[in-house]
Amino acid sequence: MSDGTANQPAPAYKRVLLKISGEALMGDQGFGLHPPTVQRIAQEVKTVHDLGVEICMVIGGGNIFRGLQGSAQGMERTTADYMGMLATVMNALAMQSALEEMGVFCRVISAIRMDEVAEPYIRRRAVRHLEKKRVCIFAAGTGNPYFTTDTAATLRANEMACEAIFKGTKVDGIYDKDPVTHADAVRFDEISFDDVLQKRLKVMDASAIALARDNDLPIIVFSLDEPGGFRGILAGEGTYTIVHG
């Protein structure tokens with residue numbers, strides 16, 4: 001008896017990194033974690049995991065603390081950035097909990113050692129987790145101040161030999177201007193890394209874009225609010241923008 005998957009096309013990518021902001025986890029709240037939203041995103045991850053795709057994740061910490069804002073308010077920048085890194089660990093643990101409740105094996109891997117709650121980052125061990133079909137959530141950024149979680153996502157995606165970065169946002173791709181405030185904003189189906197940098201499009205920060213460009217790692221920008229959007233792209237459907245060389 002068929003399980004219904006025999007006729008499905010193979011996913012477009014075998015190993016991907018999903019990058020989401022911390023703000024994506026707070027739902028309609030102005031701060032913190034919204035458990036139903038965390039569960040909804042975890043369900044999206046599970047549907048892709050069920051296709052056999054190996055998944056890494058990097059989650060920002062802006063729903064709890066953003067180092068740059070703390071610095072702007074008078075905090076010493078390095079301390080503020082470390083606080084932001086710790087916020088990403090809290091988000092990663094919340095996502096791990098939601099995924100494991102759905103039966104998806106998951107590891108939180110931290111760039112800052114905290115052995116009681118997360119594994120330390122060891123590249124070969126992380127690759128082995130992916131090969132065993134465990135979701136790896138990379139927390140605490142790169143472990144260094146002055147680097148964003150965008151840069152951490154691009155770094156880890158390269159180290160894990162991911163085939164693409166999926167950047168989940170509130171809009172269904174990259175536009176020439178903010179589609180929320182401009183009705184005439186035009187969405188790009190595809191765009192080059194150089195154009196993103198030259199036009200100063202707010203996709204990821206410049207160091208992350210440059211790192212992806214230099215290693216020929218495509219970035220797919222899509223809406224995380226679109227149910228089934230993550231899985232749809234892997235099946236060759238949906239609306240998104242791809243940034244490539």
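Begin by selecting Tyr240, which touches Asp172, Arg187, Phe188, Asp189, Ile220, Val221, Phe222 and Ile233 when residues up to four places away in sequence are not counted; contact here means heavy atoms within 4.5 Å. Before moving on, note that this is a predicted model, in which local features need pLDDT of at least 70, side-chain atom pairs count only at pLDDT 80 or more, and totals for chains, interfaces and linings use all residues. Residues are numbered from 1 along each chain as its sequence is written, and side-chain values use heavy atoms, with hydrogens and water left out.

Tyr240 sits in the loop between α8 (229-234) and β11 (241-244). Helices (H or I, at least four residues) and strands (E, at least two) are DSSP runs, numbered from the N terminus. Is Tyr240 buried or partly exposed? At 26% relative accessibility, Tyr240 counts as partly exposed; buried means under 20% relative accessible area, exposed over 50%, and partly exposed in between (1.4 Å probe, protein chains only).

**Next stop: Glu119**

Select Glu119, in strand β4. Glu119 counts as buried because its relative accessibility is 19%. Leaving aside neighbours within four places in sequence, Glu119 is in contact with Arg107, Val108, Ile109, Ser110, Arg125 and His129.

**On to helix α4**

His129 leads you into α4 (residues 123-131), where the buried residues are Ala126, Val127, His129 and Leu130. These cover an arc of only 155° around the axis, so they lie on the same side of α4; the arc is that of the directions from the helix axis to the C-beta atoms. Show the strands too: the buried residues of α4 pack against β1 (15-20), β2 (54-59), β3 (106-110), β4 (119-120) and β5 (135-139). After α4 comes Lys133, with a positive phi near 65°.

**Last stop: α1 and α3**

Select α1 (residues 35-49) and α3 (residues 77-101), which pack at an angle of about 60° with their axes 9 Å apart. Axes are lines fitted to C-alpha atoms, for helices over the stretch in contact, and angles run from 0 to 180 degrees between N-to-C directions. The two helices are therefore oblique to each other (under 35 degrees counts as roughly parallel, over 145 as roughly antiparallel, 65 to 115 as roughly perpendicular and the rest as oblique). For side chains, display Val38, Gln39, Ile41, Ala42, Val45 and Lys46 in α1, which meet Ala94, Met95, Ala98 and Leu99 in α3.
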